[in-house]
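Hello,

Here is the structure I promised to send over. Please open it first, then read my notes below.

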Amino acid sequence: MSLDNTSHFDRPGAGELVPSRYAVQVGDIGVLVVSDGVLPLPTEMLGYNADPDARAAWLSDMFLPPDAFDWSLNVVVVRSGDQTILIDAGLGLDPNLNLPRAGQLIQRLGSAGIDLASVTDVVLTHMHMDHIGGLLVEGVKERLRPDLRIHVAAAEIKFWEAPDFSHVFMPPGFPDALQSTATRFVQLYRANLRPFEEEHEVAPGVIVRRTGGHTPGHSVVRLASGDERLTFAGDAVFTVGFEKPEWHNGFEHDPEEAARVRIRLLRELAATGEQLVATHLPFPSVGRVAVDGDAFRWVPAFWDY
Ligand SMILES: [Zn+2]
């Protein structure tokens, strides 16, 4: 991508003038966080079990608008040994959803010089559409290797055969869209699916582990090489989850278990001091977790240029 347009503001450039990827090294493992864009969602979904005044106060303290704000959508590419692993796939481009600022992943992988045919493995933290939609974009499957392995918890595939939406708090239309997207994904990629039960080593130092909570098959990815570690937490942690880990997120299918999973994971990350990346934390979402009284604090990494 050319940055030539930085010195010629009056001329359109070839690429976008926004940061869309950030690289981190974890021992011998290369990690690239790629932004799929942003997704506007109502703020009520952040903590629908919380007192509305407490929620409004938190938003005000964060200088966020009261009604809706943009959630980041972060995807991670991992290189370990001779494998290139895509962790989640963004929202994709569904014109019916009217979410034009999301679904940038495929274009941005191209800008980063990552050929879809070089991807050997995909790991799915879960099968919500903002994590699988990129693989459903027209023409993408044809560009992927026929022997691509897609690792996802067996419990996740099973869940979407008859999903339970009785404990969620989503905007209208979302349950139907989530269910039909997950169904379409399984139909299209059935031959590539490599289900695991609790844990699977995808590549040297790259372990996917089921947590449940957000969805029954929700999983996190733990990277370890030398004495360095990084965890990709998927949707186990949201921006509000450090200070208010017990607030229920509207997308959680078992919100009480999701809160237990979140607190356990944040405690562990605070103890190890390892790096954390999560789907919906502000891009590039690389940072660490500190204990703060009986809650937690997000400590963003200093960008390393
Ligand atoms: Zn999500």
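E268 is partly exposed, at 33% relative accessible area (buried is under 20%, exposed over 50%, partly exposed in between, with a 1.4 Å probe and protein chains only). Its side chain meets that of R229 in a salt bridge, 3.9 Å from N to O (a side-chain nitrogen of Lys or Arg within 4 Å of a carboxyl oxygen of Asp or Glu). The pair links distant parts of the chain: R229 is in strand β11, E268 in helix α7, 39 residues apart (helices are DSSP runs of H or I, at least four residues; strands are runs of E, at least two; both are numbered from the N terminus).

This is a predicted model: local features need pLDDT of at least 70, side-chain atom pairs count only at pLDDT 80 or more, and totals for chains, interfaces and linings use all residues. Residues are numbered from 1 along each chain as its sequence is written, and side-chain values use heavy atoms, leaving out hydrogens and water.

R229 also forms a salt bridge with E274, with the closest N and O atoms 3.6 Å apart. Shared partners join R222, R229, E268 and E274 into one network. E274 is buried, at 4%.

Now the metal. D130 (OD), H131 (NE2), D235 (OD) and H280 (NE2) coordinate the zinc ion at 2.1 to 2.2 Å (donors are N, O and S atoms within 2.8 Å of the metal, or 3.2 Å for Na, K and Ca; water is not among the atoms, so sites may look incomplete). Along the chain, the donors follow the spacing D-H-x103-D-x44-H. D235 is buried, at 3%. H280 is buried too, at 4%.

Best wishes
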